[in-house]
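Here's a quick tour of a protein model, written for someone who likes to know the cut-offs. Have the coordinates open and follow along.

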Amino acid sequence: MPTGPLIDVFATLFGGILGAFLGNKIPERVRKALPLTFGAASMAMGIFTIIKMHTLPPVILSLILGSIIGELLMIEKGIGNLANKMRVPIQKMFPVKNAADEDKFLEQFVSVLVLFSASGTGIFGALNEGITYNPTILISKGFLDFFTAAIFATALGMIVATTVIPQAIVLFGLFFLAKIVMPYTTPELIADFSACGGIIMFVTGLRICGIKSFPIANLLPALVLVMFISHYWGIIF
């Protein structure tokens, strides 16, 4: 039973729906203050996984190569274009009084999409639960995702709830593939994988806090590369 993925996905869904309907009923000071807390929490979760790193060079190399691939494929731009196309019909059905402008919308939507669907914590949590049946990581992430979805939905609208689609695909897919993937990994590979995801989580936090707008979606290919690079790095060196 994929307990963790179910809890995390439903937390995001209910949070997005609740925030979209509450809208301006949530005080402005709360809407401005809580994202800073979410950003800090994302950075803390990132640091928590970064400190488990086994070997630094393959993680850094994965991030560099992943960033190059992401920039060439323009992953973040593609996500933004798709989100803007979805935004129009959704906001016609569910109008948002305090809707964000296009640039701010793209900035915030990509940040929460990565946080919900492609964070190192979520990916590792799904893999880990698939093998150990321990849902603790994803349950903890569910608390953060519920409140994050609710707050951002006050500005972005019902489109936040649609992030559960890629989130569910990623979490459930990894949960059921874990039995195939995990036997071919080692604790060292998992540590480097988690650290790579942790760095992406950390810069996601910086972006949510408005400190620095990292193109975080373009870093996602690093999560595909890191285990391979870490494996062969250990063989060569």
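Let's start with a helix pair: α1 (residues 3-22) packs against α8 (residues 164-181) at an angle of about 175°, and their axes sit 10 Å apart. That angle makes α1 roughly antiparallel to α8. For the cut-offs, angles under 35 degrees count as roughly parallel, over 145 as roughly antiparallel, 65 to 115 as roughly perpendicular and the rest as oblique. The axes are lines fitted to C-alpha atoms, for helices over the stretch in contact, with angles from 0 to 180 degrees between N-to-C directions.

On the α1 side, the contact (heavy atoms within 4.5 Å) is made by P5, L6, D8, V9, T12 and L13, while α8 brings V164, Q167, A168, L171, F172 and F175. Sorted by class, that's nine nonpolar, two polar and one charged residues. Here Ala, Val, Leu, Ile, Met, Phe, Trp, Tyr, Cys and Pro count as nonpolar, Asp, Glu, Lys and Arg as charged, and the others, Gly among them, as polar.

## Where the model comes from, and its layout

This is a predicted model, so local features need pLDDT of at least 70 and side-chain atom pairs count only at pLDDT 80 or more, whereas totals for chains, interfaces and linings use all residues. Numbering runs from 1 along each chain as its sequence is written, and side-chain values use heavy atoms, leaving out hydrogens and water.

The protein has ten helices and zero strands; helices (H or I, at least four residues) and strands (E, at least two) are DSSP runs, numbered from the N terminus. Of its 237 residues, 52% count as buried, where buried means under 20% relative accessible area, exposed over 50%, and partly exposed in between (1.4 Å probe, protein chains only). Among contacts with a separation of 6 or more, 86% are between residues 24 or more positions apart.

## The largest pocket

Which residues lie nearest the centre of the largest pocket? They are I123, L174, F193, L223 and V224, out of 24 lining residues. The volume is about 550 Å³, taken as the space filled by probe spheres set on grid points that are joined across faces, edges and corners. A pocket here is an open set of points on a 1 Å grid over the protein atoms alone, where a 1.4 Å probe fits, with protein on both sides within 12 Å along at least five of seven lines; lining residues have an atom within 4 Å of a point.

α5 (102-117), α6 (120-132), α8, α9 (187-208) and α10 (221-236) each supply at least two lining residues, and α10 gives the most, with seven. By class, the lining splits into 21 nonpolar, three polar and no charged residues.

S62 is in helix α3 (residues 56-73) and counts as buried at 0% relative accessibility. Leaving aside residues up to four places away in sequence, S62 touches A222, L225, V226 and I229. S62 and L223 are 161 residues apart in sequence, yet 7.6 Å apart in space, C-alpha to C-alpha.

G66 also lies in α3, and is buried with a relative accessible area of 0%. With the sequence neighbours up to four places away left out, G66 touches N218, P221, A222 and L225. G66 and L225 are 7.1 Å apart, C-alpha to C-alpha, across 159 residues of sequence.

M74 lies in the loop between α3 and α4 (75-93). M74 has a positive phi of about 55° although it is not a glycine, and is partly exposed, with a relative accessible area of 46%.
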